[in-house]
Structures are given as structure tokens and as C-alpha cells.
Amino acid sequence: MPMTSNPTGVRFPTSLFGVLVFFSGSAALIHQLLWTRRLIDLLGASTESSARVFGVFFLGLSIGSAAAAVLVRRTPNPLRVAGLAQLCIPILVVPVIYLSNLTDWIWPNIGSEITSGSSGFLLKSLITLLFILPPSVMMGLSFPLIVAGVLGLQRGQLSGSGINLYAVNTLGGAFGVAFGVLIALPQLGNFASMVLAAAIDGLVGIALLMLSMTPQTSKANPETHNVAQESPSRSHPMGHAIGLAFFSGAAVLALEVVAFQIFQLAATISLFSPAAVLFAAIVSLGLAAAFFSRFRSALMSNDRYRMMTLIMIVSGILAIAAPQLFMLIAKQSNWFASSGGVLPFVLKLGTLAVISVGPAWLAAGLIF
């Protein structure tokens, strides 16, 4: 079992951090799923509502990751900051838990005419930003700092562990979506499910703080700093990499919005369609990271730019084929003709999402 250690002799199994990022990812996606449910109840069931929550969620993750890139060079203990960020999440989701109570006064006072058109769009976007963005930023802040902490413990030799942690975190998110739809919401309800996700965040935060109190973690950042100081020699392609990451991420989210619209054909005005799309996207991206970690030597041995170009072409072809494949399975094979209840319907919907749209996300995930 791989271990993280330093000269103090204190050793941690890397799998311990894998468990923490798995549950952190699970809680994050449970939150996102429940936020979508809560905002749909408040703002109306539509592709626009689901896309708005997803967009704000990923905006928060990107802001948090950008903040982590700055903090990792300034903090001697990234794990401690990650633990504090995790502990902030339960506090910041409290307003979302009581969202309906906090916003009941809005609609009677502003009138129904302002809820449509550009004014309605701005108002709904503002509500989503106020409630969803702050906890999303903390979620985006936590994971990069955990990876930075592990990097310090391994004396800058992260190798494939960072990719593996990303894969575990992403697949944990897929588990969170499945758990939320199939177990948490039916058995616990919206309120208790949100409390459960917040409790998971709190426990992960406490565990990270406990790990940060060990002697070696306070010395982790110098190693990370040294690695950062060695990167200027590789700084030339960084601008291209950032641009590629930006546009590939935009394409992934754009495909999610398109998939929302397509899957409304099978699950009209339902939480099931955004959940199925989200599950397929997260599973595909996690599997892409795991695949790359396993075969990175082969993928990186040739011209990487030629390989990325080939992958982008394949991803584009698969994205174009996704709607046709969806219609082929859902219509011609009567996929949903005899669903047999909610659970089989949800499983079939998730399977259809993975089969039809998943390959495009899988290919796109290899680029990142």
C-alpha cells in the first residue's frame, strides 16, 4: 500500500486521503443534486434551472481552485486550510437548507410579471449565486489543498497519485449522485439529506485538521514550494494548457446543458433527468482520470499535442453522435416501455446517459 511520509518517520497510507476525497466528492455532489431539487421547487422545473445550478456550482469550484493555487504557495500547512474549508461548508449550506423560508416573501412582493423575461432571468440568477456560490467556492478550495498536502508529504514526488486522487474524488461524486437519488431523497427527504451531506463535510474537515496537527504536515509546504520554483522551465506551454482546459471545460458543460434538454424527453419536469446526466458526466470524467493514470506512459510517450488533437476530434464526433444514439435506444428499442417502477426507471435513465453521452465525456476527460 502506497504511503505518504517524511523524515519524521510518521507515515500515512495514501488510501486514507483517498477515502477523505471520496467522501468529500460524494458530499459535494449530494449537495449539488439537492440544490437542483430545491431551486427547481423555487424557480420552476426547466432545463434553464438545472443549467443555472450547474453553472454556478462549477463557477464556485473554479474560483475555489484559483484561490487554492494562491494559498498553496503561502501556507505552511495546506491540509489545515483544506480542513477549515471543509468545516465552512456546513455553515454556508445552512441558508440553502432554509431556502424556502428565506425566499417566501420574494414572489408575492415583486409580482408575477417580473419573473419572466430578462428581469426574471437576472433575479433567478442572483438568488442562485447568493445561495450556491459560497459553499461551492469552499468545495473547490478544499481538494487542491489536499493534493498539495499529499505532495508535500511525498517530498514533491506526487507522480500518478494526484490523478488517482482526482479519479477517486470524481467517482465519489458519482456515488453521491446515485446515493442521493436512490436512497437519501426517498428515505430521508430533502432536509435530512442536506444535513447528512453537511455532516459528511464536517467529518472530513475534522479528519483533515487532525492529520494537519502531525509534525510532518507543518513542513509540507517547503517541498511544494520547491516544486513550484522548478516549474518556470515548463512555463512556456502553460498558457496553451490553461486555454485548452478552459475551452474543454466549457465544451463539457455545454454538452451537459444539451443533454439536459435531450433527457427531458424521457423524464419530463423531473429531478431524474439532471441526476442521470450528472451521474454520466461524473462517472465518465472519473473513469477518464483512472484510465489516464493507468496508461499515462503510453498516452504521453508519443507527441502529446497530436494525441490531444486526436482525442478532441474523437470527443467531438462522439458528442455529435450522442443525440442520435439516445433516440436510437430510447425510441426504437422502447427502452422505457415497461420500467416497472421508479427504481428501474432511474437505473435505465442513468444507463442510457452513460451509453449515449458518456463516451464523449470520457474522451474529453482524457484531455484534462
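This short talk walks through one predicted protein model, from its overall make-up to a few residues within it.

Let me begin with the whole chain. The protein has 368 residues, of which 47% are buried, and its secondary structure comes to 14 helices and 2 strands. If we take the contacts between residues at least 6 apart in sequence, 82% of them join residues that are at least 24 apart. As for the surface, the protein exposes about 17300 Å², and carbon and sulfur atoms supply 70% of that area.

Since this is a predicted model, I would like to turn to confidence before going into detail. The mean pLDDT of the protein is 76, and 69% of the residues reach 70 or more. Where is confidence highest, and where is it lowest? Helix H3, residues 78-92, has the highest mean, at 93, while helix H9, residues 220-230, has the lowest, at 43. There are also stretches in which pLDDT stays under 50: one of them is residues 5-10, for which the model has 11 contacts beyond four places in sequence, and another is residues 217-236, for which the model has 27 such contacts.

Now to the interior. In soluble globular proteins, nonpolar side chains tend to be buried together. In this model the largest nonpolar core has 79 residues, and those with the most contacts inside it are Trp35, Phe263 and Trp361. The element that gives the most to this core is helix H7, residues 117-153, with 13 residues. To take Trp35 as an example, and leaving aside its neighbours within four places in sequence, we find it in contact with a list of residues that includes Val53, Phe57, Val93, Ile132, Met139 and Met194. Apart from this core lies another, of 7 residues, among them Ala288, Phe292, Ile311 and Ala363.

Trp361 and Ala363 bring us to helix H14, where both are buried. Why can we call helix H14 largely enclosed by the rest of the structure? The reason is that 8 of its 10 residues, within the run 358-367, are buried.

Ser284 is found in helix H11, residues 272-301, and because its relative accessibility is 4%, it counts as buried. Leaving aside neighbours within four places in sequence, Ser284 is in contact with Gly358, Trp361 and Leu362. A polar atom of the Ser284 side chain also lies 2.7 Å from the backbone oxygen of Ala280.

Let me move on to the aromatic rings. A pair of aromatic rings is described by the distance of the centres and the angle of the planes. The structure holds 6 aromatic pairs. In one of them, the rings of Phe22 and Phe23 have their centres 5.6 Å apart and their planes at 90 degrees, so this pair is edge-to-face. Phe22, at 23% relative accessibility, counts as partly exposed, and Phe23, at 36%, also counts as partly exposed. Phe175 and Phe179, by contrast, form a stacked pair, with 6.0 Å from centre to centre and 20 degrees between the planes. Both of these residues lie in helix H8, residues 161-212, where they are 4 residues apart, about one turn of the helix. An α-helix has 3.6 residues a turn, so residues three or four places apart point the same way. Phe175 counts as partly exposed, at 41% relative accessibility. Taken together, Phe22, Phe23, Phe175 and Phe179 are linked by ring pairs into a cluster.

Helix H8 holds another residue worth a look, namely Asn169. Is Asn169 buried or exposed? With a relative accessible area of 17%, Asn169 is buried. The C-alpha atoms of Asn169 and Ser24 are separated by 7.0 Å, although the two residues are 145 residues apart along the chain. Leaving aside neighbours within four places in sequence, Asn169 is in contact with Val21, Ser24, Gly25 and Phe143.

I will close with one more pairing across the sequence. Leu84 has its place in helix H3, and at 45% relative accessibility Leu84 counts as partly exposed. Leu84 and Leu208 are 124 residues apart in sequence, yet from C-alpha to C-alpha they are 8.4 Å apart in space.

Definitions and conventions:
Residues numbered from 1 in each chain as written. Predicted model: local features only at pLDDT ≥ 70, side-chain atom pairs only at ≥ 80, totals over all residues. Heavy atoms only, no water. Buried < 20%, exposed > 50% of the residue type's maximum accessible area, 1.4 Å probe, protein only. Polar contact = N/O pair within 3.5 Å; in protein donor to acceptor, adjacent residues only side chain to side chain. Contact = heavy atoms within 4.5 Å. pLDDT = per-residue confidence, 0-100. Phe/Tyr/Trp six-rings, centres within 6.5 Å; stacked < 30°, edge-to-face > 60°. Areas by Shrake-Rupley, 256 points an atom, 1.4 Å probe, with all protein chains shown as cover. Core = buried A, V, L, I, M, F, W, Y, C linked by side-chain atoms within 4.5 Å.
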